[in-house]
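Hi,

Here is the structure I promised to pass on. Have a look, and my notes follow below.

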Amino acid sequence: MTLLSARSTSRSAIVLRFAAPGTDGSKPPAAQNYVVKQSRRPIRTARDFDRALALCSGTCRFDVTAVGSEIALTVNNLRPRTTHYYAIAARDNVSARRGPRSKAVSARTR
């Protein structure tokens, strides 16, 4: 999974950015579906990832055509001055199997 970053943009929003991986590592086509997890606690293990809140009703879909395309997701309606942790995993376009998860990142709303 490519590097994930998170940045607060307001008192109630954080923007996540990452580059689209291929559905088979770095090979095209680019993955279209992602499991995006959010937690108020650090996401360090597979268990932490599984227990974290899934955004987008479980799977976030993006219309990307090229491996490496930048993807941005804005998470709204967050509490001010609160730290949130995020991690993502791409899903294979055909089998929908979840790939390896990213390293977790955090951001604090303003």
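Which residues form one aromatic cluster? They are Phe-18, Tyr-34 and Phe-62.

Before the rest, some ground rules: the model is predicted, so local features need pLDDT of at least 70 and side-chain atom pairs pLDDT 80 or more, while totals for chains, interfaces and linings use all residues. Numbering runs from 1 along each chain as its sequence is written, and side-chain values use heavy atoms, with hydrogens and water left out.

Searching the whole structure turns up three aromatic pairs (ring centres of Phe, Tyr or Trp, the latter by its six-membered ring, within 6.5 Å; planes under 30 degrees apart are stacked, over 60 edge-to-face, the rest tilted). Phe-18 and Phe-62 have ring centres 6.2 Å apart and planes at 80 degrees, so they count as edge-to-face. Phe-18 belongs to strand β2 (residues 14–19) and Phe-62 to the loop between β7 (60–61) and β8 (70–75), so the pair ties together parts 44 residues apart in sequence. Strands here are DSSP E runs of at least two residues, numbered from the N terminus.

One more ring contact: the charged end of Lys-37 sits over the ring of Phe-49, 5.2 Å from its centre (the cut-offs are NZ of Lys or CZ of Arg within 6 Å of the ring centre and within 35 degrees of the ring normal).

Cheers

Conventions. Helix = DSSP H or I, 4+ residues; strand = E, 2+ residues; numbered from the N terminus.
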